[in-house]
Amino acid sequence: MSSVVQDSRTTGGSPASYDAEQYRPGRTITDWEPENELFWKSFGRKVAGRNLWIAVPALLVAFVVWQVWSVTATNLKDVGFGFSTSQLFWLTAIPGLTGGTARIFYTFLGPMIGQRRFTALSTAVLIVPLIWLGIAIQDPTTPYTVMVVIAALCGIGGANFASSLANIGFFFPKAKKGSATGINGGLGNLGVSVVQLLTPIVITWSTIAIGSAQHKADGTPVYLQNAAFLWVPILLVLAAVAWFGQNDLKVASTPFKQQKVIFKRKHNWLMTWLYVGTFGSFIGFAAALPMLIKTTFPDYSVATYAWMGPAVGALARWAGGWIADKWGGARVTILSFVGMAAAIIGVIDFLPSGGDGGNFYGFFFCFLAAFFFSGIGNGSTFRQIPVIFRGTHLKGLAEGTPEYTKALKQAEMESGAVTGFTSAIAAYGFFFIPALFGSVAVTSAMWGFVAFYVSCMVVTWWFYARKGAEAPS
């Protein structure tokens, strides 16, 4: 028999009651009022926290799958694969193309299917490309086209971000959305650092290897398949935990015909532009940095340095959400773009040029700064989105009226959809940045990034930060 708990909230003048059974793990929740302080303390905080902390490791490992090629590609030549440097950059970039495209679909599928179901299914499906990669990478005669297909399938891991962020936002009240999405996104982003840090270590472990060793030119055995097979049992466990431990929110279940209204919203496109600048830079630099170090400063170890930048950016995202909750998202976003532009100018200055061999440590620390400010901007932009859409929909409405309640629900739905969509488009940075480095001069690409950040500063200031801005956030 289900228990019913009452609080002092009223709906239509009568006391509202909640069926406590619906808040247990694995259930679908029909009553969800995170802005109601009594409800939040009674049920909301605990349920939201549980769903968040199950989502975080699932998202982290999804990022591992998405980024596994950023490190795998740097090892292929060493074990006899005959791919060119340009081909290796493209293998690094392709998961960004498929990940960004899949994010568009995941943005709308997640709320339609439900957080619990979709997290479990989208986590389990990542096992397929990892098993294929673990098999293919043991044979240096594997055709390039096969590797391209595997890289494309690994890109699906990046799509989980869109559904995870869109769904988790529904669980938390306005005052905590920035921190919650910062934790989810930031710790999820740590998957980039985890794969870049662990891969050079685990590929040396014969004790966990399934299959044959590959050998470097000096005869050293390595087990590149470990980088893929290691995560298969972990994905199985995480999918099961999500299935049995999370909840589906009825309020977040929205058909596409209602969600597609965001394509008519100007602020959807403006925030997408800004998020391309922050997350697009973060994920693109994370994908490209290992190959960039290997080709630009070959005397320095990719394994030692490449993981640090994504780690800094991921942790800064957490801080960016929290700071934006305190100071306001738009101001923090402008700060992030100023910092990114300055950092990239520093990177350009320390790159090899002409007869000058460049300065690796100057290059690397400026890149760390770029990661840091991109992380801050990732957190602040995601805090801006719900504030913008709440302000737009609730303007002039009295709290507690039916019109206010309806507008609030619409704002929440649109915020979730916009959050997912912006992350989908920004994910293409994973593709374009490594592809640019593989196609044009690195310095030219870097100056293009600086110009783009300046445009982002202008957009943020004009629409969201200046006195009298259209949508202060």
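Which helices do the buried residues of α5 pack against? Keep that in mind as you open this predicted model.

**Stop 1: helix α5**

Select residues 144–154, which make up helix α5. Colour its buried residues: Met 147, Ile 150, Ala 151, Ala 152 and Cys 154. Now show what surrounds them. These buried residues pack against α1, α2 (85–113) and α4 (127–136). That settles the opening question.

**Stop 2: the end of α1**

Stay with α1, which covers residues 37–75. Go to Asn 75, which belongs to this helix. Is Asn 75 buried or exposed? Its relative accessible area is 13%. The cut-off for buried is under 20%, so Asn 75 counts as buried.

Show the side chains here. Those of Asn 75 and Thr 74 are joined by a polar contact of 3.5 Å. Next, select Ile 203 and Leu 224. Asn 75 touches both, leaving aside residues up to four places away in sequence.

**Stop 3: the second largest pocket**

Which of the elements gives the largest share? The answer is α1, with three residues. Colour by class instead, and the pocket lining splits into nine nonpolar, six polar and three charged residues.

**Stop 4: the largest cavity**

The whole structure holds three cavities of 30 Å³ or more. The largest cavity contains about 120 Å³ of space. Select Gly 169, Lys 177, Ser 415, Gly 416 and Thr 419. Of the twelve residues lining the largest cavity, these lie nearest its centre.

Four helices supply at least two lining residues each: α6 (160–171), α7, α15 and α16 (402–426). By class, the lining of the largest cavity has five nonpolar, five polar and two charged residues.

**Stop 5: the second largest cavity**

The next cavity has a volume of about 70 Å³. Select Ala 55, Ala 58, Leu 59, Thr 119, Ser 122, Thr 123, Asn 160, Ser 163 and Ser 164, which line the second largest cavity. At least two of the lining residues come from each of α1, α3 (115–124) and α6. How many of the lining residues are charged? There are no charged residues here, but three nonpolar and six polar ones.

**Stop 6: rings along α15**

Finish on α15, residues 360–394. Turn on the rings of Phe 360 and Phe 363. Their centres are 6.1 Å apart and their planes meet at 40 degrees, so the pair is tilted. The two residues sit three apart in α15, about one turn of the helix. Both Phe 360 and Phe 363 are buried.

Now select Phe 367 and Phe 371. They form a tilted aromatic pair, 6.1 Å centre to centre with 35 degrees between the planes. Phe 367 and Phe 371 are also in α15, four residues apart, about one turn of the helix. Both are buried.

Technical notes: Residues numbered from 1 in each chain as written. Predicted model: local features only at pLDDT ≥ 70, side-chain atom pairs only at ≥ 80, totals over all residues. Heavy atoms only, no water. Buried < 20%, exposed > 50% of the residue type's maximum accessible area, 1.4 Å probe, protein only. Polar contact = N/O pair within 3.5 Å; in protein donor to acceptor, adjacent residues only side chain to side chain. Contact = heavy atoms within 4.5 Å. Nonpolar A, V, L, I, M, F, W, Y, C, P; charged D, E, K, R; others polar. Phe/Tyr/Trp six-rings, centres within 6.5 Å; stacked < 30°, edge-to-face > 60°. 1 Å grid on protein atoms, 1.4 Å probe; cavity = no way out; pocket = protein on both sides within 12 Å on 5 of 7 lines; lining within 4 Å. Points joined across faces, edges and corners; volume = space filled by probe spheres on them.
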